[in-house]
Structure formats: structure tokens, C-alpha cells
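Visitor: Hello! I am new to reading protein structures. Could you walk me through this one?

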Amino acid sequence: MDKLELKSIDFVDQNIEKLASMFPNCVTETSEGIKIDFDQLKQELSHTIIDGVKERYRLEWPGKKEAIVTANLPTTKTLRPVREDSVDFDNTENVYIEGDNLEVLKLLQESYLGKIKMIYIDPPYNTGNDFIYKDNFAKDAQNELLESGQKDEYHQRLVVNPETAGRYHSDWLSMMYPRLKLARNLLSEDGIIFISIDDNEIDNLKKICNEIFGEINFISQVVWKSKYGAGAKTNGFIDVHEYILCYSKKPIGSLESPISEESKKSYNKKDQNFQTRGGYFTQPLMTTSMDDRPNLQYSIFYNGIEIKPRKQWVWSKERLEEAIANDEVVFSLQNDGTYSVRSKQYLIDENGIERKGKPLSVLQGPYTQEGTADIITLFDQNVFGFTKPISLLEYLFSFQLNQKEENEGIILDFFSGSASSAHAALSKNAKENTKLKYILVQLPEATEEKSDAFKAGYKNICEIGKERIRRAAMKIKEGKLQKAKSEGMFADFNDTQDYGFRVYRLDESNMQDVYYKPQDYNQASLDLFSDNIKPGRTSEDLLIQVMLDWGLPLNLKIQSKEIAGKQVYKVASNSLFACFSNDIDEEFAKEVAKEKPLRIVFKDAGFKDDTAKTNVKQLLKQISPETEMKVI
Ligand SMILES: C[S@@+](CC[C@H](N)C(=O)[O-])C[C@H]1O[C@@H](n2cnc3c(N)ncnc32)[C@H](O)[C@@H]1O
């Protein structure tokens, strides 16, 4: 029912509406909401060009400059390991991070710069109903810490962004821009990014991606038919599609994808090689279309008959003779007594690798309904709406790998929702023996109290994501075991797949004084702090902060051992040693130096006394000159 407004008419609003209906191109989003662009209006009402702001070809919105500054601002936050939620923490190479992805992307900059093969993201589409995370520029700029704690911070910053809001597109763009900018730094030289999106923001997303990744690196705007059945009606059309925007870090050659079932049908001929090479089709080996090439103009003999090409052969004589010897050529006698000579194109090449297909810019499924089924199979109920089908993600994850003939690499998803990307990586690794690793980031966004997820005990989305990975891993592992049993291979069954994941949670710095990072410390500043570590922080918390500051990846193997009676962390063998015990003295330095660590870190207040601090440094320099020492 319409509600009485109980106030007089706002004529300004009414006038704006009238002008907007006459000149829709003069309506714009400003920092104060929807306004009329008077420069544009003046131009509409003038027969000559009006002087004003210089014209440029680019997308502008109120808040763009702030978004650029936001991306460049350093963070003082850290990641804290959460062993109790992790699976096989010590051995796994997969990472799950809880927290706002902007801060997390900043923290990953040094450790993962240029190391990510593929990014897949499925951000909020800005449908008007979804939540948009508002970065608090003023607060971040001042390094202000929230007294109310992390949890409240997330809740305060997640806001609904209705279409009627004056900054509808601007707020979404300001949220996406810094994240994409930081994400690009992490891509490897041959890396690619896929972004799911729908009609609400595809235009704007493409424009900022052209700006951030470069128009030259645009690969495709794939149309994905995402739903079967009736679908919802928008603006008269039945809306059953989304997009997957794809960019590369650097210009790359053509992409390859797994061959489609449809294309496989053309390999429909069989010969004695069927078991090893699959079916085949044939292609003519004589050509009249190429330039005149004397080295391709020769005769061959078959059954004692000389065969000459009408113009020339496709292959050189050596290549053709090799193919004949390998039974890859078909000779067929024609009615006119001549031979047609064709090559066999097998589905599987001589190295046992199936041929690749070319990715299409239109995908018919797999459908969202399949994504829902993926969730229900694991949880018996739909604990997360609109999750992406894992078969869609598996298909996308094959692209770069085929192009490079590689079977490993890190996949990053920093809007990971129900962790479908981790599920897809696990499933692909199981089926194809690939070694994809993943880094997932997700905000601990609270689930709605009325939702099935909340009733099932999942208080935030991270709880759903982590549980999905655990359940998916268990199911895949069990499936492999059953298969081995049914094929009588149980005795030899040795499953080395990485089913684990390390959980990290974004938190305020471990250090009391947030303005100093470990690498900023020098001898002069050593004396300034006696105990600069926040109470309640564990040695593993400190270790991870040191790893991030030193640019070491978060999935390196961490071991703990006793040296001269003190606990020492060894990261990736001798890449980094960390000892946060007290009473560090010369005896300990002599012992630890024998292991020749490349880097070593101590607690500033952990030395026995000032003399020990100086001596330890000297001893390390003498016994292990390669070792770089720092304190926190
Ligand atoms: C469309 S969903 C992703 C769904 C996912 N692809 C799946 O298949 O389950 C987008 C997710 O991004 C998360 N998100 C939004 N803003 C975020 C932020 N600033 N940091 C991390 N995650 C965020 C939301 O909580 C939501 O779960």
C-alpha cells in the first residue's frame, strides 16, 4: 500500500526529474547523489561548443581518485594462522583467508607478486539487493584502529546499494577498482583473470578492466547461458545469461580449452590404433591453394604407382614419408584411377595427449541449477544461493594450463563465497592428476538469521566455505578409494593429492606500534622498544607476519625444532629461521649458525642482554655470512 509522505512537494527533486526525462544524458552520479551535469546541459542548449572541462576518453565517477589512493595505501594489518580450522596445516599448499579482500590483497603483494596463474572472481553483481563493501578511506588513511573489533567493522562496512541510491554505480566501481588494480600485480606474466558479472555492471567493469589490464589484453566477453527453464523476466526479455570477462596480464597467443564433446564427434573413424590414439578424421594432403613451393612438389610411390600432386603437397617429402611409415596416411583409389592422399588426424596425439579445442565465446551451461546441486549433494540443503557450478570453474581452470602444457599453478579467488573454486580445483586435480593450488579469500559476512545456513549452524560465509572444502575433499578421497577397490587396484593405491588447507584470519598488526614494520628496524631503533608485541599473540602469529613482510609465500612448509634448548621455526628448509624465545645468547647463535639459514628473525626483547644482542649479530656474520638477521 502507498504510504502518505506527510510533507510538501520537493520542487528541486521534481525539476531534476523533469530535466532527466528530457535530457537523460545530463544526469550524473556525484558525491552528493544524483545531480544535473550543467556543463552537459549547457552544451545541449547551445549551437556552439561550450568551453569547460577538457574532454577525455575515460570513465569517471565521484570517488575514482579516492579509489586509486585506497589501492596505494599500505596496510598495517596482518594474517594470523588458525590451526584449529585448517586441515593438514603443516603439509598443505592451499590457503583460505578470512577477511576483507582489499586488505588481504595488499598483504599478499610481496609474497605473491607475479606468482598467480589464474584469478577467478565472482564479485557482488550490484543487483540493487546485494551488499557492497565500503572501504573507509578516511579511517584507513589515518591508520585508526576500530575499538569495536573486526567483526563489527565488517558489519558496519557492508551496505545494501539500491539502484535508487545516488551513488549506485560509483560505490560499486570504487569497491572494485582498487581490488582489480592490486590483483593485476599478482598475476604471472602469462596469467589470466576471469570475472563473472551480469548486465548491471558489465559496461562499467569492462571499462575499468580496459584501464587496469589494458585494452590490448582483453581476451573475451564470454556469454554464459547460466539457467535452463523459464528464467525471470527483465525488461520484457527472459533473462538467462551472464558474462565471464577475460583479460590477460600481457598479450598472449590464442587460448586453448579442452575439446568439446561436439568436436569429438568428428573423430569418428576407427583403425587398429583406436585403443591408443582414439578415433580419427582425414584431411587432404594435396593442395592447390598455397604459394608455389618447389620443395613441396615431388612424386611418391604407392603400390608401385607414382603419385604426383596436382600442384603440391602440404608437407615436405621427409614429413610425408615419416607419416606413411607411422600409418598416419590414407590412400584411396578414385574412379578415374588416381589416388586421393589424406592424413589421419587422431583424437590423441603420439604422446598420449588429447587434442585441444578453441574456447567459444558463448557457453551453453553448465547451469546455475547444477551449482545448487553441487551444494545440496554435500550439505543436504542449499546453504549458499547461486554458487557457481564446479564444472564451469573446472573448464575455466583448464585454459591457461593447456596453453602452457602445465599441470600446476596457483588459482586465486578473492570473492570466494561458498568456496566453489576450491571444490573445482580439488575435483580437477582428482580427475586429471593436475596439481592446482588455491588461495581463497572471503569476508566473514554474517548469514541471515532466517537462512538455512544460519539454522544449520553456519554463522558466517567463511564457516560455509571451509566446511564445503572439508566435505568435498572427503567425498573426492572416498570416491578415489572406491574406484581403486572396484578396479582391483587397492593394494597399489597411494593417494598423494593435497586435500588440506591452511586458514589465516585478517587481524590488526601483532606489533604494539603499527608504524614500524620489521624491515624498518635498525640498530638505532632496536633500543626504542622493550616489548613491542601485543599480548595474546603467539609465536606462529609473529612468524606469519615476518613471512609476509619478507615476501615469503603463505604455503611454505613450516617445521619446528629445538636448537640449544629453544624452539625454532624453520620455513622451507633454511629459507627462514625464527626464534621468539627469551634469553637468546651467544651459545644459541653458534648452534643455529651451523644450519646456515638464509634469514633469521628474533624477538627484539628476546636477547639475554644488550651485549648478547650485539654478539649474536657478530657471531652470525662470522659463522654464516649469508644469513640476514632481523628483529621484531
Ligand atoms: C557472488 S558471491 C561469490 C560466490 C562464489 N563464486 C560461489 O560460487 O560460491 C560474492 C562473495 O563475495 C563476498 N565479498 C563481498 N565483499 C567482499 C570483500 N570486501 N572481501 C571479501 N569477500 C567479499 C561476499 O560475502 C560473497 O560471498
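Guide: Happy to! A helix here is a DSSP run of H or I with at least four residues, and helices are numbered from the N terminus. Keep in mind that this is a predicted model.

Visitor: Is Ala373 buried, partly exposed or exposed?

Guide: Buried means under 20% relative accessible area and exposed means over 50%. Ala373 has a relative accessible area of 38%, so it counts as partly exposed.

Visitor: How far apart in space are Ala373 and Ile324?

Guide: Along the sequence, 49 residues separate Ala373 and Ile324. In space, going from C-alpha to C-alpha, the distance is 50 Å.

Visitor: Let's turn to the whole chain. How much of it is buried?

Guide: The chain has 632 residues, with 20 helices and 30 strands. Its C-alpha atoms fill a box of roughly 95 × 85 × 55 Å along the principal axes. The buried share of its residues is 49%.

Visitor: Which residues are closest to the ligand?

Guide: The ligand is surrounded by 20 residues. By class, that shell holds 7 nonpolar, 8 polar and 5 charged residues. The closest are Asp122, Ser418, Ser420, Gln442 and Glu445.

Visitor: How much of the ligand's accessible area does the protein cover?

Guide: A ligand nitrogen is 2.9 Å from a polar backbone atom of Asn101, and a ligand nitrogen lies 2.8 Å from a polar side-chain atom of Asp122. In the side chain of Ser418, an N or O atom is 2.7 Å from a ligand oxygen. On its own the ligand has 610 Å² of accessible area, and the protein covers 92% of it.

Visitor: What span should helix α14 have, and what is the distance between its ends?

Guide: Helix α14 covers residues 420–432, which makes 13 residues. The expected span is 1.5 Å times one less than the number of residues, so α14 should span 18 Å. The end C-alpha atoms agree with this, as they are 18 Å apart.

Visitor: How many residues of α14 are buried?

Guide: This helix is mostly covered. Among its buried residues are Ser420, His423, Leu426 and Lys428. Of the 13 residues in α14, the number buried is 10.

Visitor: Which residue follows α14?

Guide: Here the backbone angle phi is positive, near 60 degrees. The residue that follows α14 is Asn433.

Key:
Residues are numbered from 1 along each chain as its sequence is written. This is a predicted model: local features need pLDDT of at least 70, side-chain atom pairs count only at pLDDT 80 or more; totals for chains, interfaces and linings use all residues. Side-chain values use heavy atoms; hydrogens and water are left out. A residue is near a molecule or strand if one of its heavy atoms lies within 4 Å of it. A polar contact is a pair of N or O atoms within 3.5 Å; within protein, one must be able to donate a hydrogen and the other to accept it, and residues adjacent in sequence count only if both atoms are side-chain atoms. Accessible areas come from the Shrake-Rupley method with a 1.4 Å probe; for residues, only the protein chains shown count as cover. Ala, Val, Leu, Ile, Met, Phe, Trp, Tyr, Cys and Pro count as nonpolar, Asp, Glu, Lys and Arg as charged, and the others, Gly among them, as polar. Helices (H or I, at least four residues) and strands (E, at least two) are DSSP runs, numbered from the N terminus. Buried means under 20% relative accessible area, exposed over 50%, partly exposed in between (1.4 Å probe, protein chains only).
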